[in-house]
Amino acid sequence: MSNRLAAIALIASLAACASPASRPYSAAPDGTQAINPIITNIFTADPAPIVHDGRVYLYVGHDEAGEGEMFRITDWRAYSTDDMKTWTDHGAIMKPTDFKWAVADAWASEPIEKDGKFWLYTAVEHDETDHGKSIGVAVSDSPTGPFTDALGKALVANSETDGPHTWDDIDPTVFEDEDGTFWLYWGNANLYYAPLADDMVSFAAPVRKVALMHFEEGPWLFKRGSLYYMAYAGIDEAENESEQIYYSTAPTVTGPWTYRGKIMGPGENSFTIHPGIVEFKGDWYFFYHNAALSIDGVEGAMGRRSVRAEHLYFNEDGSIRPITATQGGLTLPRQD
């Protein structure tokens with residue numbers, strides 16, 4: 001059993017958390033620049049940025065693990081910005097038990113807009129009727145929620161896939177292709193995918209699997225030009241036992257995928273790392289988490305992470321330039 005499997009086997013239960021009112025938020029002392037980490041008043045993880053109506057909306061899980069706990073992620077929260085400097089805190093948008101069939105764990109999620117509604121694909125712990133991690137789907141009329149269960153059951157339950165453990169159905173990434181088809185990828189150890197039906201709560205074709213070099217979890221699907229990109233958290237045990245961010249590219253949304261290399265090394269003080277990539281106003285941004293932040297004397301840890309962002313650059317051949325985590329983050333001037 002890998003370190004990752006041993007760690008996840010110890011995952012702890014969830015505690016509910018109330019939502020504050022929306023408010024401006026900046027990590028910088030002068031209130032004008034979003035230095036790293038972006039959010040400093042709470043621990044956050046698993047960033048998922050999207051662009052809507054001239055703003056970047058950033059969705060994160062709220063880390064609250066105590067001493068001796070591996071993970072306790074209590075709700076999903078949303079932040080937004082129109083300048084990549086000052087962020088508005090929209091508070092909690094949903095908690096796992098808003099899915100009546102779920103019992104805990106606001107793990108990685110990603111939303112997408114269709115016909116004026118926002119669909120949030122999530123990973124949660126199912127109740128005893130289908131023990132293990134499952135993919136849920138929630139819906140809202142607003143990117144800042146509140147989100148409610150759109151299906152009344154799991155979109156993908158642990159018993160429905162053939163993974164090597166009970167947490168193979170996690171970390172959904174959702175993408176709209178140019179023909180209007182929405183695709184969902186997800187997984188740990190196995191990478192699953194399927195096209196979504198028009199109702200956004202069922203699949204239009206059977207679930208399939210694809211193998212990517214070093215893949216562990218945290219897929220993030222996007223397109224630039226004619227290339228489809230899959231960034232993901234992976235492990236190359238010959239190099240490092242912690243997760244790093246790798247990527248592959250393909251000529252179509254279903255492949256064939258070609259391994260292209262590493263984007264970022266392991267996160268400081270964190271076994272996990274999770275990518276989120278978005279283009280905004282002509283520039284590209286890379287979101288991730290590590291556990292370098294301390295809050296009020298409480299040190300960062302595997303279950304107390306902090307979301308950060310860096311500029312992202314492409315070479316002429318479409319390859320991604322490796323990224324180094326910085327404290328300055330988006331305050332650093334962009335390169336030519």
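**Figure 1. D171 lies in the loop between β10 and β11 (173–176).** The model shown in this and the following views is predicted. D171 is not a glycine, yet its phi is positive, at about 60°. The residue D171 is buried, with a relative accessible area of 6%. Most residues other than glycine have a negative phi, and most peptide bonds are trans.

**Figure 2. M84 has a positive phi without being a glycine.** The phi of M84 is about 60°. M84 sits in the loop that runs between β4 (73–81) and β5 (87–94). Its relative accessible area is 4%, and M84 is therefore buried, the cut-off being under 20%.

**Figure 3. A cis peptide bond leads from N36 to P37.** Omega of this bond is near -5°. P37 belongs to the loop between β1 (23–25) and β2 (43–52).

**Figure 4. G145 and P146 are joined by a cis peptide bond.** Here omega is about 5°. The loop that holds P146 lies between β9 (132–140) and β10 (148–149).

**Figure 5. Y229 and Y247 form one of the 19 aromatic pairs counted in the model.** A pair of aromatic rings is described by the distance of the centres and the angle of the planes. For Y229 and Y247 the ring centres are 6.3 Å apart and the planes stand at 20°, so the pair is stacked. Y229 lies in strand β16 (residues 227–236) and Y247 in strand β17 (residues 240–250), so the pair ties together parts that are 18 residues apart in sequence. Both tyrosines, Y229 and Y247, are buried.

**Figure 6. Y229 also pairs edge-to-face with F314.** The distance between the ring centres of Y229 and F314 is 5.6 Å, with 70° between the planes. Y229 is in strand β16, whereas F314 is in the segment after β21 (306–312). The pair thus links distant parts of the chain, 85 residues apart. Y229 and F314 are both buried.

**Figure 7. Ring pairs link F222, Y229, Y247, W284 and F314 into a cluster.** R224 lies over the face of the F314 ring, at 4.1 Å from the ring centre.

**Figure 8. K133 lies over the face of W107.** The distance of K133 from the ring centre of W107 is 4.3 Å.

Methods: Residues numbered from 1 in each chain as written. Predicted model: local features only at pLDDT ≥ 70, side-chain atom pairs only at ≥ 80, totals over all residues. Heavy atoms only, no water. Phe/Tyr/Trp six-rings, centres within 6.5 Å; stacked < 30°, edge-to-face > 60°. Helix = DSSP H or I, 4+ residues; strand = E, 2+ residues; numbered from the N terminus. Buried < 20%, exposed > 50% of the residue type's maximum accessible area, 1.4 Å probe, protein only. Lys NZ or Arg CZ within 6 Å of the ring centre and 35° of its normal.
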